[in-house]
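Hi,

Here is the structure I promised to pass on. Have a look at it first, and then read my notes below.

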Amino acid sequence: MADGKEEDRLFVKDGFRHYRRKYSITEVRWGLACGAVMLLITAWVMWRSRNPLDPELFADGAELLKVAVVPGAVAAGGADRGPLPKDLAAAGWREDKVAQFDAENLYVKINGRADYFKGFGFKRLFNVVVLNEKDAQVTVDVEMYDMGATANALGAYSGERAPTIKPEVTDTGLHHFDRNALYLARGPYYIRVIGSDEGPVVTEKLRGLKETLVAGVKGEPLPWAYGLFVGQMGIDPSKIAYFPENAFSLSFARDMWTVRPLGKDSDLELFINAQPDAATAKKTAERLHKSFSELGTPGGKADKITLVKDQFLGLFSGVGPVDRFLIGVRGAANKEMAAEELGKLRDAVAKAPQDLKDRARPAVGEKAAEEGGSDVH
Amino acid sequence: MSTDHDALRAQERRQFLKQAAVVGAATVGAGYVSIAPATWPGSLKDLDGERGKPQTPTLRLPQNGYAVAASTVLPHMGVARGTRVAAMVRAAVDAIGGIGRFVQRGDVVLIKPNVAFERPAVLGATTHPEILTALIHLVREGGASEIRVADNPIESPQSCFVRSGIQQAAVTAGARVYLPSPGEFQTLNVPGATWIEKWPFFWRPFQGVNKVIGVSPVKDHNLCRASMTTKNWYGLLGGRRNQFHQDIHGIIADLALMIRPTFVLLDGSRVLFRSGPTGGSLSDVKAGQTIVASTDSLAADAFGWAELLERKEENLPAYFAKAAARKTGDPNYKGRHIKEIQVGG
Amino acid sequence: MAAKPKLISREKLLKIVARNRDGSPWYARALRITNWRVVTQAFFFGLFVFLLWCTWFSRLKGYPVSLFLEIDPLVTFATALSTGTVYRWLWRAMWLLVPTLLLGRVFCGWICPYGTLHNFIGWIFNIRKNRNNIEANAYRPVFQLKYFGLTIFLVLAAMGSLQIGLLDPICLLVRTFAVAIKPGWDAALPVQLDFLAASPGINDHRMFNAAWFVGIMLVVLVGMNLVIPRFFCRVLCPLGAFLGVLSRFAFWRIDRDLTKCTDCNLCLKHCEGASDPQAALRKSECFVCFNCIDDCPEDALKFRFVPAIWAKRAIGSIKDGTATLFGKKVISRIPETEIAAPAVPRRRWALAAVAGLLTYPFMRYSKAVNKRSFNHKNIRPPGSVAETEFLERCIKCDQCINVCPTNVLQPSGMAEGGLEGLWTPVMDFKTGFCQLNCTLCSEVCPTGAIQKISLAQKLGLGKYVDQGPIRLGTAFFNQGRCLPWSMQTPCVVCEEVCPTSPKAIGVYKEEITRWDGNKVTLTKPYMRPELCIGCGICERECPVLDDPAVYVTAVGESRSKDRSLLLGSHKKKEGA
């Protein structure tokens, strides 16, 4: 029986039994030395944990971003400088290599924003960084976008400008300063110059570059719509915008000039578009009206034009043909306002001098107006 | 001799009876649990296989969400402009009634920042820790007994929380951080939702919570065009989120239905205006110098779309209309009472 | 009636603190050397587990988490053979080398966590009687096997294929913890205790390629203790073999007093190494556990300073009654008291070396390793050296896999790296992705298979701008499975999560009328290969789960020229 019980054991038998008869204090001493070593190791491990060998291991990498360089620009280094004026550097500054981007690789320079420029008929970007000779951290980045046409350049320019800023207008272009940046629309070029900071060195350089660019880039007279809105109606040029395509998120709405006569605080927006003849104008107006109606309910009439009331915002929009022009209003708070502003626009078109009207020709788009429904997201 | 023999027989008989009793009981027991009707106690019977299927309990959030009573007097949105974030958060919340309107003594408050990506805060892809700190301090002043911060990021959760600075900010300010772990998701029932009527939900941080505050950055988004306070609730879901992109607008409208927050904060101090939602370059970010507090997240998002992303010219993304149609909010922020405050110079 | 329960009775306490029978104070028994050994083993096992526990994003701080791998002299020696260098912290092997040369295989008996595990399991499940214990702990010729294994591994290492990690106990145990024990522990934890998780703060269970095999290896090797005590340590362990070879030079050893010994063999009862303390001590097998001293009723065994005196070996000693001529013993009055070197005949050493020489070409000229026809999923972690150098360095310890926060690193099967690459880390983007700002694997790698890199180096920023970011591979689209490309369904999760700026995934917008008449705008993704870094988050997030429509393969990786994709990518490499 006793043997059987021992065999039943699951765990250790006689686990702690030993047979020695003599013990020695030396062993205790050696053991204490072992204990001391273990304490030492523990202390070292704890010390090591508080003093990481690589304190950067958990850094977020924000430091590295400040000196990030666009990879494509390096690859495109040494490109031909295109229409960039020669003397951008001037005294105390030097130019880095010129980089060129086309529609295919524009994203390398401005990812996410490339489609914006493509929407305005982007052709080519000439880009050069001007560095301060005293301090290489102080730089000015000159981006010259060739947009193909004056209207496109103005459109891209207006689209990037904060609504609070009033541009300076000359016969051949617009420009303005904003904090550390200078923006110009001249001829077919939209030029953006961005400084590395807002310090006096950069500000002064921006002023100098403005002169250089105005002198070095040939301007063209402002398009007909400026004549109409500014000359005839007396609206500030800062309120004008241009959409070569996809205006109001409608894919077929092209070559659209818009203006906010009441300023940025009102949603009211007038628009005008030149068509080749009166019949096309009528047809396009009907199509636009149909698209507006998809997002709203009939909202009565104003100045001979049927209005649509937006289903969410409750604002009024409408469009109608005048001769071979298409005129309309969007975002009017009420019918009376819509009628008043539309009337002003209609008068201006009627009174416009013939040479202005002659200049108002539809932009020759690369893509012919195509059939298509409303934008579905 | 014979007595020995009898004793042995008696022992064998006892042994037999014992053994028979054990075998009999086992047989009867096995027969009962397998044959007795399913309604009888202890029965395991499963005639059609239905009982054996895994049971997934579904949860529901409170009927009216976590919103406080609507007010006819107070503005629905407060817009604070300036550069000092802490003061702006306070000003924006004060504009819609002050923290006392939203948080009472003893409340357990969940703050949901956007920590979707492992990016430094300067890149604008995540909620900035500064605004989170300011919000936690504010909520604590309101008397909250516990403040929780939770998100289920797309990338590795710990890395996201640490590298975005949210972990540090939350812990320093005295909030408790909830990182997801596999057992912390349960199916949530969202009545009326198109796609996520039943979907795994990051439930753990919601236990015992009675106020929910969303705080999100303003971001461009490759697919839904703008990711702000409504899209922010995405981070409370688990499961196969990568299917959401097949109807992202429908999903965001569902999210608006899922959570009715106490209020939301929109952090317009940094605007990721392109290359969203991940960003990755400082040139994708611009200073917006604005913080918006609102009881209506759709209105806050519409504000962000028009004034911070500056896309007034374009139509609102489709999810606004879908969410508005369900009356979960109203993107028309202009037609209603807004209060704008300039903080500092 | 029953006495009041007491923690310890007065009598028992008095018995414990009473003087021993030999007149020594009570603590000489309580604090005798074998008890210290148990404490030390517990300490090092605890430290080992603690350091592996700390091998995680939120716990790492500055802990020397790969310490046990760095002090492993076999790792240092074998990588020195294969690369000609000693990487980063591998000099720490000196910490073990010195005690081994002085005292013998103390590592095996006192420090090795795997040895401690075998020791403990062997002890607790030991139900043998004395006689059977003595038999079980006798030396057997099969113990030579470990020396053959060691020879083969070292020959392979010298030729450039590092395979010690297959059996090195530290590598093996770290690997088992990383891919089998930790995920199992986490899965077993109830949600309320998830702060105790080995890998906290993740939203899905971690899973590892063929974890079952690694797990079964542990169960079998530990289970073998019931058949042969310390089976792994005595029969297989290449580190034990290496230390055994070194310990022939040890100055101290167990010494038997022949005048006291009664040949009772009780010293074998708990002998860990089966080193024959009852006869001529096999120095190379002795784990220095001191159990024999504890078990000797005659106090005939002592741990003594017994240096090998060259004069004695060369000509013998009059005192000992021995004489030696040309290395051969001519007079030997008393039996030998030690066998210093491993008991392996010279011809067998040679045979093992030849086996190693032959194994190399078999393995190396398999397709998996070479520049053509390598496996497309042979994707190594960021900072890895080119494949042939990688195989010179990787010890398959899987610390990188252990620390990886996203579960992307997986122990390779035979497919990705061939037999040579078994259990080396590869990236599987179906389970995870390489987190952009993370360089943890490069920090914990003890041998530099994954070189220590800074974040700037990984991202190609700061002073590494010219070099460009580290590319792990290149992503490709399988348009036939992509929702927008082939199913008229909007998606582009891949573009959303792409972390580079500018994004490496671009889109074409297209407005179409679906089969059901609805109009949708599809955004169809495409790759910009110059920008792709192969991080694989697109593949991980792709909703086409089983065979993702966007997937990363190894081609285009920046670690080797042979596997580059785009013309000109070699320029950047050379500029580095």
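This is a predicted model: local features need pLDDT of at least 70, side-chain atom pairs count only at pLDDT 80 or more; totals for chains, interfaces and linings use all residues.

**Chain B: sheet and overall shape**

Stepping back, chain B has 9 helices and 12 strands. How does its radius of gyration sit against the globule rule? The value is 28 Å, well over the 20 Å that the rule gives for 345 residues, so chain B is more spread out than a compact globule. You can see this in the C-alpha trace too, which spans about 115 × 40 × 40 Å along the principal axes of chain B.

One more thing to look up in chain B is a cis peptide bond between B:Gly276 and B:Pro277, with omega at about 0°. B:Pro277 sits in the loop that links β10 (263-272) and β11 (285-294) of chain B.

**Chain A: a sheet with helices on it**

Chain A has an open sheet of 7 strands, in the order β8-β9-β10-β14-β13-β12-β11, and the pairing is antiparallel. Its edge strands are β8 (240-243) and β11 (296-302) of chain A, each of which pairs on one side only. From one strand to the next, the twist averages 25°.

Inside the sheet, strand β12 (residues 305-310) of chain A pairs with strand β13 (residues 316-322) of chain A in the antiparallel sense, over 3 bridges. A:Leu307 has its bridge partner, A:Gly318, in β13(A).

In the loop between β8 and β9 of chain A you'll find A:Asp255. A:Asp255 is not a glycine, yet has a positive phi of about 55°.

**Chain C: a helix pair and a hairpin**

In chain C, take a look at helix α10 (residues 145-159) and helix α17 (residues 346-364): their axes come within 8 Å and cross at roughly 45°. The two helices, α10(C) and α17(C), are therefore oblique to each other, and their crossing is right-handed. By class, the contact of α10(C) with α17(C) has 11 nonpolar, 3 polar and 1 charged residues. Among the residues that meet there are C:Phe148, C:Ile152 and C:Leu156 from α10(C), and C:Trp349, C:Leu357 and C:Tyr360 from α17(C).

Further along, β10(C) and β11(C) pair in the antiparallel sense over 9 bridges. C:Thr513 stands opposite C:Lys519 in β11(C). The hairpin of these two strands has 5 residues between them, and C:Gly517 in the hairpin takes a positive phi near 90°.

Chain C has a cis peptide bond as well, from C:Ser501 to C:Pro502, with omega near 0°. You'll find C:Pro502 in the loop between α24 (493-497) and β10 (505-513) of chain C.

**Where the chains meet**

How many residues of chain C are in contact with chain A? There are 47 of them, in contact with 44 residues of chain A. On the side of chain C that touches chain A, the elements that give two or more residues include α2 (26-30), α8 (113-124), β10 and β11 (519-527) of chain C. The largest share, 4 residues, comes from α3(C). By class, this side of chain C has 23 nonpolar, 12 polar and 12 charged residues.

Chain C also meets chain B, with 30 residues of chain B in contact with 35 residues of chain C. On the side of chain B that touches chain C, the residues divide into 7 nonpolar, 17 polar and 6 charged.

Happy browsing!

Terms used: Residues are numbered from 1 along each chain as its sequence is written. Chains are lettered from A and ligands numbered from 1 in the order in which they are written. Two residues are in contact if their C-beta atoms, placed from the backbone, lie within 7 Å. Ala, Val, Leu, Ile, Met, Phe, Trp, Tyr, Cys and Pro count as nonpolar, Asp, Glu, Lys and Arg as charged, and the others, Gly among them, as polar. Axes are lines fitted to C-alpha atoms, for helices over the stretch in contact, and angles run from 0 to 180 degrees between N-to-C directions. Angles under 35 degrees count as roughly parallel, over 145 as roughly antiparallel, 65 to 115 as roughly perpendicular and the rest as oblique. A crossing is left-handed if the near helix is turned anticlockwise from the far one by less than a right angle, and right-handed if clockwise. Two strands pair if DSSP finds at least two bridges between them. The radius of gyration is taken over C-alpha atoms; the globule rule is 2.2 Å times the number of residues to the power 0.38.
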